[in-house]
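I opened the notebook to follow charged contacts and a pocket. The entries below keep to what I looked up, in the order in which I looked.

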Amino acid sequence: MSSQKKKNFQIEAFKHRVVVDPKYAEKTWKILEHAIHEIYNHNASGLSFEELYRNAYNMVLHKFGEKLYTGLVSTMTSHLKEIALSIEASQGALFLEELERKWTEHNKALQMIRDILMYMDRTFIPSTHKTPVHELGLNLWRDNIVHTIKIQTRLRDRLLELVQRERSGEVIDRGLMRNVIKMLMDLGPSVYQEDFEKPFLRLSADFYRGESQLFIESCDCGDYLKKAEKRLNEEIERVSHYLDAKSEVKITNVVEKEMIESQMTRLVHMENSGLVNMLMNDKYDDLGRMYNLFRRVPNGLSLIRDVMTSHIRETGKQLVTDPERLKDPVDFVQRLLDEKDKNDKIIHLAFNNDKMFQNALNSSFEHFINLNVRSPEFISLFVDDKLRKGLKGVSEEDVETVLDKVMMLFRYLQEKDVFEKYYKQHLAKRLLSNKSVSEDAERSLILKLKTECGYQFTSKLEGMFTDIKTSDDTMQGFYAAMGHELGDSPSLAVHVLTTGSWPTQLTTTCNLPPEILTVCDKFKTYYLGTHNGRRLTWQTNMGSADIKATFNKGQKHELNVSTYQMCVLMLFNNGDGLSYTEIEQATEIPTLELKRCLQSLACVKGKNVLRKEPMGKDIGEDDTFFFNDKFASKFYKVKIGTVVAQKESEPEKLETRQRVEEDRKPQIEAAIVRIMKARRVLDHNNIVAEVTKQLQSRFLPNPVVIKKRIESLIEREFLERDKDDRKLYRYLA
């Protein structure tokens, strides 16, 4: 086979030369120039845009793009200079209208020219890095119209004048304003900013500075805030109607700075109308307005918070230190709750539940509630009052609301263990006298305390309820077993209390009447017979009794009295008149208790089943007492309470405080040992800080007491001092 030769083909250039008319470019440009003139003169309807496009296309194709571009610039410039003269000639309000009309026409013309020169726009302009047609048209309008000496200042002044007239309440043509300002924005951000925005902001600052000065001198705080809010809203609305959206932040900053920030201290402290006045008079709308305006400026809310905190602390301090208010503990606590509700409502309605204000309110309450050392006692007395009678007939939801409010105050207490001491005493009295309105409410509060402070805090309280339940079962067993032996003896109801669970009581002797003593001895025999290894001690100071008494004309009453009062009254079955000394010797009731007891039986109007000679409110050791035959009451059952202050007396207060301090010692020691066991070596200041941190949920330990407990632990060889550094302690395993 013979191989075939490969043939190479060659393509040569077309040798026919196209001869271009030397005057081609000039002629074509004249056609295009004429078309541009016609467009600007509103005669474009007779033009063939297809032909014009082809002419422009050919000019670029034949390398006459530069001539086309230069001619375009020159032609447009000359037209714009004529337009400038027309705008300059317009008078007054017609100036902006003429400017807007010519701008609209220029944009239409520019669109047509751009369509004709589209090929140049797409090829020649990018390759030569020249300005595109549309942008060129805007730049030429800027340089030949907007930035001419006669138009630039006049335009700026006219726009600012219209803004000021609108601020003064006049109605202006917002559509015209929007179109003219949109023109400035279309010419580029720098044109809008330099020719309008910056002068606008400067003028606005001067305007609002003057207005704020005028308002602050003539308005109260509430009215000033309304005017400031109105001005702020007006500016926001103005931006939405005819300014650049980006101007909103800038103009609102101006209003905020001149009308709010510069005057906020004066506004807050304004006499008879400032923040304190608003807080005192619950002016929720004004407070809400102040909050919404002040949050817009630096440190605005901090200023409100600081003044509010100062006011609440001052008000609270007056509440907890006013001697008149301290006379009624229930009213004292109710006023605290009312004050808290009042401020909570303000924070909710006016301050948008702002956490900053909630924290300030909490810290203020914690501050002043602990200024009064009796706050724990008073809160417990408030609970006692509510659970004895205050919540009778109240719905379950309302009971929970009251208990939640009590818990809220409880959280503010630094000495929670003092509250526990009093609460335990008051709970004991309610349980033993069966005076609690609702066991569910009692248990609900204990559950809340348990959630707040842990099991240890409430274990003894829960034990008290257990004892009451067990005692009921014990009494049923006693009557089932011994009922036949009791006969006509007085009926007995005994509460057997576990020593560790109930408030510590000093055992006081008291000679019970023989008929009562017999039943008590039988119960004691029964109880010890059914429970091994237990010891019973009668707490006569905690008991009560119902006794029937016959007065003059055979009138009968059932008297509800304390055990001590019963012992005294039973003496009068055997004699009419008894001296104080005889009563004291017969009953052996402690002096203070006996005097209270006799005072309640002989000196309380409507309850005076005894009369004393000489008459008087106080009990003396020379007094003589007689059965009051003439006693009368419209009730068959008469409750005779013991005359006792609702609050503790000074000696009792001292005793409770001592008991609290004693109870704290082992807790402080336990905390020290826990900390040292974990850390092994620690300096004095850090031990104090750690112990305080661990115990602050119950009480704030005194650094002096902590130091004493450390000394005690060193003596008992739990800790030792470092030989080189006396402030350093080591744990001894």
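**Salt bridges and a pocket**

The model is a predicted one, which I keep in mind throughout.

I then looked up the partner of Lys-342 and found that its side chain meets that of Asp-282 in a salt bridge, at 2.8 Å from N to O. The two lie 60 residues apart and link distant parts of the chain, with Lys-342 in helix H16 (residues 329-349) and Asp-282 in the loop between helix H13 (275-280) and helix H14 (284-294). Asp-282 is also partly exposed, at 30% relative accessibility.

My next entry concerns Asp-384 and Arg-430, which form a salt bridge whose closest N and O atoms are 2.7 Å apart. This pair too links distant parts of the chain, since I placed Asp-384 in helix H18 (residues 375-390) and Arg-430 in helix H20 (residues 416-432), 46 residues apart.

For Lys-448 and Glu-400 I noted a salt bridge between the side chains, with 2.8 Å from N to O. Lys-448 belongs to helix H21 (residues 439-453) and Glu-400 to helix H19 (residues 396-412), so that the pair links parts of the chain 48 residues apart. Lys-448, at 18% relative accessibility, is buried because the value is under 20%, whereas Glu-400, at 27%, is partly exposed.

I also recorded a network of salt bridges that links Glu-166, Arg-167, Arg-174, Glu-235, Glu-237 and Arg-238. For the whole structure, I have 53 salt bridges in my notes.

H20, helix H22 (455-486), helix H27 (650-679) and helix H28 (684-695) each supply at least two residues of the lining. Sorted by class, the lining of the second largest pocket comprises nine charged, nine polar and seven nonpolar residues.

Technical notes:
Residues numbered from 1 in each chain as written. Predicted model: local features only at pLDDT ≥ 70, side-chain atom pairs only at ≥ 80, totals over all residues. Heavy atoms only, no water. Salt bridge = Lys/Arg side-chain N within 4 Å of Asp/Glu carboxyl O. Helix = DSSP H or I, 4+ residues; strand = E, 2+ residues; numbered from the N terminus. Buried < 20%, exposed > 50% of the residue type's maximum accessible area, 1.4 Å probe, protein only. Nonpolar A, V, L, I, M, F, W, Y, C, P; charged D, E, K, R; others polar.
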